[in-house]
Amino acid sequence: MNDDQSTTDDDLRTVDDLRALLGDLVLLASRSPSPHNTQPWSPRVVGSGEGLAVEVAVVPSRTLPAGDPSFRDVVLSLGAWIESFSIGAAAHGYDAVVETLPALSLLQELPISGRADPAKPVFRVHLVARTLQADADHTLPVPVVADPRPVANSAPVTPVTPVAPEPTRPPTADPAREATAAPPTPFTPDDVRNRAVYRGRLAGHPETWNDLSDVDLPPWLSLRRLDDRAMAYLSRLGIAFTASRRSVARELLQWLRLDARHPRYLLDGMTDVMLGIPAPLARLAAPATRRTGLRDPVLALAGAIGRGAESLERARSLRPLALSLAESSTESPTHLVLVANARLAAADDTTRITAAMDSRIGVSEPDALQAGRALQRLWLHAHSRGLSVSPHSELIDSPLAHGLLRKRLSLGRSDVALSVFSVGVALGDVPRSPRLTDPQPPSGRRAELGP
Ligand SMILES: Cc1cc2nc3c(=O)[nH]c(=O)nc-3n(C[C@H](O)[C@H](O)[C@H](O)COP(=O)(O)O)c2cc1C
């Protein structure tokens, strides 16, 4: 978004104004987080007159077929995109009404590479002025209800399967076409713009997770707390898995930009600065991210180290969760796992239950989209309190770490771990990640930056 005041809030009298506002919201939403900073969304303004809307398709070459074969992280980041868009819309007095489309549940049919197909958008979003929304509310399902269970840092969260609440969403005949109205939000466009992941050392901040009312978690989503030891152990297992699986490591290498001479340094992927890699190490490793000929020896070395680490780590055992949580220092960051309960999410609607069973994520894609919105709210909750988030998807990606994580949290059959992240006070500068939508240097300068 160029400037919050660039489009006046109260008089979108012309279609041009509406088009400009949608453009601004798309720009704001591009600041959303995505796995490896792939930015897998391709938004397009469609329609005419007052029927203008934004349709979003997925870019196949910006998905991670090796690291994210279920599209879990892609769909979560699309949900974060919607949340960011909605926060921008709310700041202008609008609700963003989202319609999920059939292609969202057919992501497995996407090619492995190539551009987005504008004929197959995964969702459509249009704006409704808040005053008009009040009249329309009774016809639209309300997607979120506050979760009464607090997540405390000082007191361990008992990892129990949540008790089924009264169903809060009316059954819909076709969940792929369900329209949902965004709730009012406590977060601002500046929160969306300035939030960033931090991968350096984090210090603890115990009270932050006691009150999550601003996050408005739906009842089928819960946050579970993981102890320091398990977090460190499972993360090591996850990293060893990533290093030892050639396809996953190769894909990661393709999204690393370890020096400013990488041609995509200012566009996407993860830079040396974002990853906090010391300059000498980044210089040493950078050629492997730019020259394909160097990748194979690097991958072979990483594979050998990863396999060795995996077999060493496998032999360890952990103290019971409750004991270990009680010992956790208030100085250490909080480790959280966002868990969806597929049974509660489906709310006895057989179509939704079937959709969850068909999805490789474990919950239906429309529900994973809602979870992505909640995840962005959680990360903004942290940001608005001066905290930073460090995600650890490797705990879910590695089958071994994932199995141990499920056991550690006593997850039930219907529980699906969607995201793992640590939160705390950043002990260094929080870096800003690039976006495809960032203003780029003039082409001459870009050529200078080239390989
Ligand atoms: C669903 C999802 C999973 C992610 N998993 C990881 C992860 O495992 N490790 C990590 O360092 N960052 C992870 N990230 C953070 C992204 O790398 C980050 O959002 C992206 O690089 C853009 O940076 P920013 O969030 O600071 O703007 C994840 C982000 C999302 C949305």
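These questions and answers go through a predicted model of a protein chain with a ligand.

Q: How many helices and strands does the protein chain have?
A: The model is predicted, and the chain in it has 451 residues. Of these residues, 45% count as buried. The secondary structure of the chain consists of 16 helices and twelve strands.

Q: Among contacts between residues at least 6 apart in sequence, what percentage join residues at least 24 apart?
A: The contacts counted here are those in the protein chain between residues at least 6 apart in sequence. The share of them that joins residues at least 24 apart is 83%.

Q: Which residues come nearest to the ligand?
A: The shell around the ligand has eight nonpolar, eight polar and three charged residues. There are 19 residues around the ligand, and the nearest of them are P33, N37, P391, S393 and S433.

Q: Is H36 buried or exposed?
A: H36 sits in the loop between α1 (15–29) and β1 (41–46). Its phi is near 55°, a positive value in a residue other than glycine. A residue with 20 or more other C-beta atoms within 10 Å counts as buried. H36 has 20 such atoms, so H36 is buried.

Q: How many other C-beta atoms lie within 10 Å of D216?
A: D216 belongs to the loop between β6 (202–203) and β7 (221–226). D216 is not a glycine, yet its phi is positive, at about 55°. D216 is partly exposed, and the number of other C-beta atoms within 10 Å is 19.

Q: What is the distance between the end C-alpha atoms of helix α5?
A: Helix α5 covers residues 228–244, and among its buried residues are M231, L234, L237 and F241. At 1.5 Å a residue, its 17 residues should span 24 Å. The distance between the end C-alpha atoms agrees with this, because it is 24 Å.

Q: Why are the buried residues of α8 on the same side of the helix?
A: In α8, the buried residues are A286, A288 and T289. They lie on the same side of α8 because they cover, around the axis, an arc of only 160°.

Q: Which residues are exposed on the other side of α8?
A: Helix α8 covers residues 279–290 and reaches 16 Å from its first C-alpha to its last. Its buried residues are covered by elements including α6 (246–254), β8 (256–257) and α9 (295–314). On the other side, the exposed residues are P280 and L284.

Methods:
Residues numbered from 1 in each chain as written. Predicted model: local features only at pLDDT ≥ 70, side-chain atom pairs only at ≥ 80, totals over all residues. Near = placed C-beta within 6 Å. Nonpolar A, V, L, I, M, F, W, Y, C, P; charged D, E, K, R; others polar. Helix = DSSP H or I, 4+ residues; strand = E, 2+ residues; numbered from the N terminus. Buried ≥ 20, exposed ≤ 12 C-beta atoms within 10 Å, placed from the backbone. Contact = placed C-beta atoms within 7 Å. Expected span 1.5 Å × (residues − 1). Arc of directions from axis to C-beta.
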